[in-house]
Every structure is written in structure tokens, then in C-alpha cells.
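This note sets out a number of points for a reader who is meeting the structure for the first time. Please keep the sequence and the three-dimensional view at hand while reading.

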Amino acid sequence: MDYILYGNNRIAKDFRYLFDDLNIISVSDDIESILSDYRYDQIIICDFDKSQKEEELKKRGLVYGTDYVYEEDFFPSLDSISIPKDRKIAVWGTGNRCKFLLSHNLPWEPDLFIDSYKKQDTFMNVPVAAPENIMDWSLYFVIIAVEKDQEIRDRLSGCGLKEKEDYMGFQQFLELPSVLLRQTIFDQAYYDLQCKTMENHLEILEDGKTRCCCTTFVSQGLDNIFEKDLQELWHSKLHKIMCLSTENRTFSFCDKTMCPLFVGKKMEKDSLFSKREEPYGEIAPFPETLALGYDSSCNLSCITCRKGVHFAKGEELACVNKITEQVIHQYLPQCKFLILAGSGEVFASPAYGKVYESKACNPKYIRLLSNGTLFTPENWKHFKEGKSAKIMLTVSVDATTKETYSRIRRGDFDALRKNMEFASELRKKEELCYFRMNFVVQRENYKEMVPFVEWGKELGVDELFFTKILNWGTYTAEEFAQVSMMEEDGVTPKPELREVMEHPVMSSDLVDMGTIQFAHKVDEVNLVENYYMWELEKRGGKLFD
């Protein structure tokens, strides 16, 4: 079919980017020109508010569904799961998860709420029913908006309903490509920033999950590597939707409270971007930057992430090994910049060892993320053998005294200090082209921030990076409030931390306050090809071609 887009605006530009397989013969705001100058099969209205354009078409006798449609009518074609059009939508739950679901730009409004412990007849002016009062489940498609939902799923299954055909969880629904596309295409935010990271970066995580940016910055994943091969995953509509959110500069899926690129960036209205004429960028043929974090095996048991030392075994080990084989055969050959490892310890994991020992591991650049306790001359020699890559080292330290280190990281601080001296020598000899130490700020260690900077200066590191502690499920909410040095808003430092940050040594050019936005220096940058490269070059100088 031949289509005309009625609306020469950002929505139309987004639509063409996603649906590049449609035969769109023209884009115009001039309805008279559309009707007189072109032969077409259907008009597609593209706009945030379609009422005026639709009124113009109706005045000329055009009929919705035959002569014209909306851009969003094409969105469900992206999904492998479709909600039957003849069903009413019932949302099970009226709590926080329900409110979270309804806060999104949804293609429907609930016809009914279901509450296991019904206390009200209506919610948001919509009827509420107890599950036992629903006589005919076939009338509804159910979206479960409850966190612990297994009992509800069992109940629906017991009524003869099938998952994905008759019901699904709210998170499943929000991750449908059509819903994600609505989230960004109708987002009227605009940031004066170009970030191309999602177009060239892939993270492979535990169980084969993936992201196209840092998991701290973006929670929405791509497909699982066990479900799609590299080309299917990388060139999927889901990935393209994620990239669209950076090309249209809404950054709809980015956590602006965590990514340093947004510190000091003000959100503007979309109308500013509507006038921009440069074309959207293209996704790289394959992920040139590959970050691996799929094996949590580690020789330490840091209090921030685990209860004890953990090494993969059994089914977990089988999964890790399976991912390793796919990484080596599918992903490494095209990789230019390899990051090892976002989870676990790179020198303790046999899986990661197999990756960097493989013949396929021949990138131009390698970044090592390590706890440093195994960064010995012997391990370095073994790792470096046969490699011509530029190598960068980032070490998570979090302490400057033996006592604090043993409490937080539960490791050998004397061994760490010795290894950091070795890393310092490698940096001086330029065998390492970059050396950074990280410090996760928490109640146990915040008083050691100043001596940490002084130690880093002695070692000659390129950067000292501070971040606020996050709760990865290790703490209860009450415990985390005591551990964190940030106020409840997650942005404002507690008074005692602010006092430390005001020490003169903390203003050193080596210091980056990372996710502690209160003291983070605004980066005057508007174009970032890859976040991880930009992050390293801020203080490390020109590292990448």
C-alpha cells in the first residue's frame, strides 16, 4: 500500500524511523496538497493531538479505518502478543503497581478493576469487582498489577485462562514493543544532547539478558541471547525503539537521576526539536562495544551485593558456560571495545578467563573492571599474552584502611595495596593506558573519602570515581536508610557527607563525584558517541581512535 503521512513533525519522523518498511510516498501538513497531488491508498495522521487533522479529513468525507488511520494503529504489529480487540480490559489490583501501570501512556483505559480484598465499589471512577463475582472471564483480558502475583496466576489458570492469550503481568505488558514505542513517540520531552551509545553498545548479563546501555542508567532490556541470535537481537524493532528514544532526544528510557550526562541538563518541550532537520542516525551493523557481566563468581563477598563468597555451579554454571560459548562465537569477532566484567571478578571467573584467552578475543580496546585483589604480576602476564589492545583498568576499592576494607569488601587489604602499587607501575610504563579507582560511598566508609583521594594521587591514577550506594536487594528499606549517606530523596547528601565533600582535597581534578549529583561537575557535552568511551576520556585523554 502507498501511504501519506499527514503531519510534518517529530511524530512523523519517529514513525518513518520505526516503520521504514512501509511505502510512504510523502509527508505533509497541507491537506489540500495531499488530496490533489498524490495517488495513495491511505492517509496516516501523525501528531500528539490528532483532533484538528481528523476534523479536516472528516469535513472532506474521509472515513477513519478506510481512508485514514492513526500512526498508533500500526504499533500492535510490533508485538508477538496481541490483546484481543473484542475483550474488555480488567486490571487486577488497585495499589502502587496499578498506579505505576496507569502512569504510562496506554492505548486503552481499564473497563474494570479486580481486587481480591475489595473495599470500594469504584476506583478512578471505574467499577471494582471481587474475583469471585466475575461470572464470565472470557469477556476480559486481565492485566495483573500486583507484585507477588503467583496466587493470582494460579487462580486464573484454574479458571481455564491461558497466559498471554487471556492474561499477563503488568511488567510483561509494559515491555511490549508497542507500549514502549508509545512511551517515546508521544513523549514531549527534549534534551539538548546527542548520545549514540544505544546504537553501538551491548551488555550481556546473567541468564542471557541484555541491555544497550548501563543497567544502572537503563532498566529496559533487549531480547535474551538464548531466544535470538546476534543479528535478530541487534536489528530487532525492540532495539530500534530504544535507539529512537535517543535519536528523538526524549531519552524516555534513561534514568536522568543516575546518568551523569543529564546533570545540569534541562528538559525542554518537544517543539524545539520539531524544527531539527538532520536525519536520525543508523544503528551500527553489530555491537562494537561489548560489556560482559553474566557471571557473578567472585572471590570477595562485599556487603553491598552478597552475603558470602559465590562461585557458579550446577545449573547456574551450565548457563554461564552456554553464554560464554555464544559470546566467543557470535559476539567477540566483531567487538572493538570489550568491557570485562560488570558482575563478579574478572580474574576469579573461569568463564571470563575463557573469553579473554580465546583466539576470537582481539579487540582494539579492553577495559578491566576488577576488585584488584587478584591483579597480580602473574595474572597480568597471563591476561596480556598475545594481546595488542589498549588496556584500561578500573578497580573498586571503597576503603583506605585494613579495618574498613575487611568489613565492607571482606578481602585482604595488604594484597590490594600491593597490587595497586603494581598497577601504578604499569600505568607509569604505559602498559596500562588508564587507571581508575572507584569508591562506593556509605555509612561505613565516608570518612575515608579524603585519604582515598590522597592515596590515588600518590599512585598517579587518572581518576577517582565516587558513587552513592544503591540497594541491589541486599538491604531492607530500613537498613538501607541507615547505610546510605543520601537523604530520602536520593539526591541530597546527609550533613556529615556534605562536610567531607567540602574538604579542599575533594576539589581535585582527579575526583569525579559520579552519581552524587549534589557535587557532580556539570559536563558541557552535547555529543557522545559512546558513554563508556566518553567517561574514560574525560580524564584519561585521547584513548580511542
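1. The model discussed here is predicted.

2. The lining of the cavity. A total of 13 residues line the largest cavity. Nearest its centre lie Cys 195, Cys 213, Cys 254, Cys 259 and Leu 261. Sorted by class, the lining of the largest cavity consists of 11 nonpolar and 2 polar residues, with no charged ones.

3. The second largest pocket. This pocket holds about 590 Å³ of space, and 21 residues form its lining. Which residues lie nearest the centre of the second largest pocket? They are Pro 76, Ile 83, Lys 85, Pro 107 and Trp 108. The lining of this pocket divides into 11 nonpolar, 2 polar and 8 charged residues.

4. Strand 5 and helix 7 each provide at least two residues of the lining of the second largest pocket. Helix 7 gives the largest share, which is 3 residues.

5. A pair of packed helices. Two packed helices are described by the angle between their axes and the distance between the axes. Helix 7 spans residues 177-185 and helix 9 spans residues 237-247. The two pack at an angle of about 10°, and their axes are 10 Å apart. Angles under 35 degrees count as roughly parallel, and helix 7 and helix 9 are therefore roughly parallel to each other.

6. The contact between these helices. Which residues of helix 7 meet helix 9? Helix 7 contributes Pro 177, Leu 180, Leu 181 and Thr 184, while helix 9 contributes Leu 238, Ile 241, Leu 244 and Ser 245. This contact of helix 7 with helix 9 comprises 6 nonpolar and 2 polar residues, and no charged residue takes part.

7. An open sheet with mixed pairing is formed by 6 strands in the order 7-8-6-5-9-10. Its edge strands are strand 7 (122-123) and strand 10 (167-169), each of which pairs on one side only. Helix 5 (residues 150-158) packs on this sheet and touches strand 5 (88-92), strand 9 (140-144) and strand 10. The direction of helix 5 makes about 170° with that of strand 10.

8. Do strand 7 and strand 8 run parallel or antiparallel? Strand 7 and strand 8 (residues 126-129) run antiparallel and are joined by 2 bridges. Phe 123 stands opposite Val 126 in strand 8.

9. Thr 394 stands opposite Arg 436 in strand 20.

10. Two details of the backbone. The peptide bond from Leu 340 to Ala 341 is cis, with omega near 0°. Where is Ala 341 found? Ala 341 lies in the loop between strand 17 (337-340) and helix 11 (350-357). The second detail concerns Asp 207, a residue other than glycine, whose phi has a positive value near 65°. Asp 207 is placed in the loop between strand 13 (201-205) and strand 14.

Terms used: Residues are numbered from 1 along each chain as its sequence is written. This is a predicted model: local features need pLDDT of at least 70, side-chain atom pairs count only at pLDDT 80 or more; totals for chains, interfaces and linings use all residues. Side-chain values use heavy atoms; hydrogens and water are left out. Axes are lines fitted to C-alpha atoms, for helices over the stretch in contact, and angles run from 0 to 180 degrees between N-to-C directions. Helices (H or I, at least four residues) and strands (E, at least two) are DSSP runs, numbered from the N terminus. Angles under 35 degrees count as roughly parallel, over 145 as roughly antiparallel, 65 to 115 as roughly perpendicular and the rest as oblique. Contact means heavy atoms within 4.5 Å. Ala, Val, Leu, Ile, Met, Phe, Trp, Tyr, Cys and Pro count as nonpolar, Asp, Glu, Lys and Arg as charged, and the others, Gly among them, as polar. On a 1 Å grid over the protein atoms alone, a cavity is a set of points where a 1.4 Å probe fits but cannot get out, and a pocket is an open set with protein on both sides within 12 Å along at least five of seven lines; lining residues have an atom within 4 Å of a point. Two strands pair if DSSP finds at least two bridges between them. Grid points are joined across faces, edges and corners, and a volume is the space filled by probe spheres set on the points.
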